[in-house]
Amino acid sequence: MKKLARNWRKSQDSKSSLPTWEDPSLDDSRPMDTEEQEAFVRELERTQAQQSLLWRRVFAGLLFCYAMFQLYSIYQQTTSPWELRYHAYFMEDIDSWRVISADWLAVFACSMAIVGLLHNSMHRRRWIWYSSFTGLILAVFWLYYMLRMSRFRWDVLWLPFGPLSGAVICLYIDHLLTQSSEEVRKLRGYMYAYKAS
């Protein structure tokens with residue numbers, strides 16, 4: 001039995017051997033020439049641009065879904081007031097038009113964050129900041145009325161913090177993707193001139 005185990009270990013060791021320095025394609029100590037560096041940096045820039053666009057679209061899509069939900073909420077509040085449970089909690093404290101206005105403001109805040117994520121200009125972060133301030137106003141509005149209720153309702157906590165948290169997440173995503181882009185730009189600046197002899 002020991003002999004069989006030893007033979008099995010030997011066969012496993014020979015299959016999973018590490019690469020050696022004798023393989024010239026795996027030599028990391030060889031400097032890259034200018035064309036290789038340029039191709040590598042171009043590939044990193046292309047990959048970073050694709051990933052940036054993908055993540056911006058993903059989070060813009062999530063905010064779009066939230067805005068569509070808010071539009072549905074506006075429609076329901078307009079056609080049959082106070083039928084939705086999360087609006088019915090505020091029936092005695094708020095007029096129906098104020099609830100509809102707050103929902104429209106949430107749609108507007110989400111729209112600004114979406115524009116900030118997808119707009120490709122130097123002012124895109126400004127749009128997300130405007131969305132954050134609008135979300136903050138909404139949070140104050142809803143929290144004021146939530147705290148006036150006889151019993152605090154945890155199930156409607158998304159009303160004050162939905163648009164605000166969406167805008168803050170968009171700010172964070174924009175910051176990460178911008179930082180990643182700057183790192184790739186720095187890498188282009190670190191390219192060196194190498195002449196093969």
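How much accessible surface does the protein chain have, and what share of it belongs to carbon and sulfur atoms? The total is about 13,600 Å², with 62% on carbon and sulfur atoms. Areas follow the Shrake-Rupley method with a 1.4 Å probe, and for residues only the protein chains shown count as cover.

This is a predicted model: local features need pLDDT of at least 70, side-chain atom pairs need pLDDT 80 or more, and totals for chains, interfaces and linings use all residues. Residues are numbered from 1 along each chain as its sequence is written, and side-chain values use heavy atoms, without hydrogens or water.

**View 1. Helices of the protein chain.** The chain has six helices and zero strands. Helices are DSSP runs of H or I with at least four residues, strands runs of E with at least two, numbered from the N terminus. Of 197 residues, 32% are buried (under 20% relative accessible area; exposed is over 50%, partly exposed in between; 1.4 Å probe, protein chains only).

**View 2. Trp-127 and Tyr-130 in helix α5.** Helix α5 spans residues 124-148; the two residues sit three apart, about one helical turn. Rings of Phe, Tyr and Trp (its six-membered ring) pair if their centres lie within 6.5 Å; planes under 30 degrees apart are stacked, over 60 edge-to-face, the rest tilted. The count is 11 aromatic pairs. For Trp-127 and Tyr-130, the centres are 6.4 Å apart and the planes at 75 degrees, so this pair is edge-to-face. Trp-127 is partly exposed at 34%. Tyr-130 is partly exposed at 40%.

**View 3. An aromatic cluster.** Phe-90, Phe-141, Trp-142, Tyr-144 and Tyr-145 together make one cluster.
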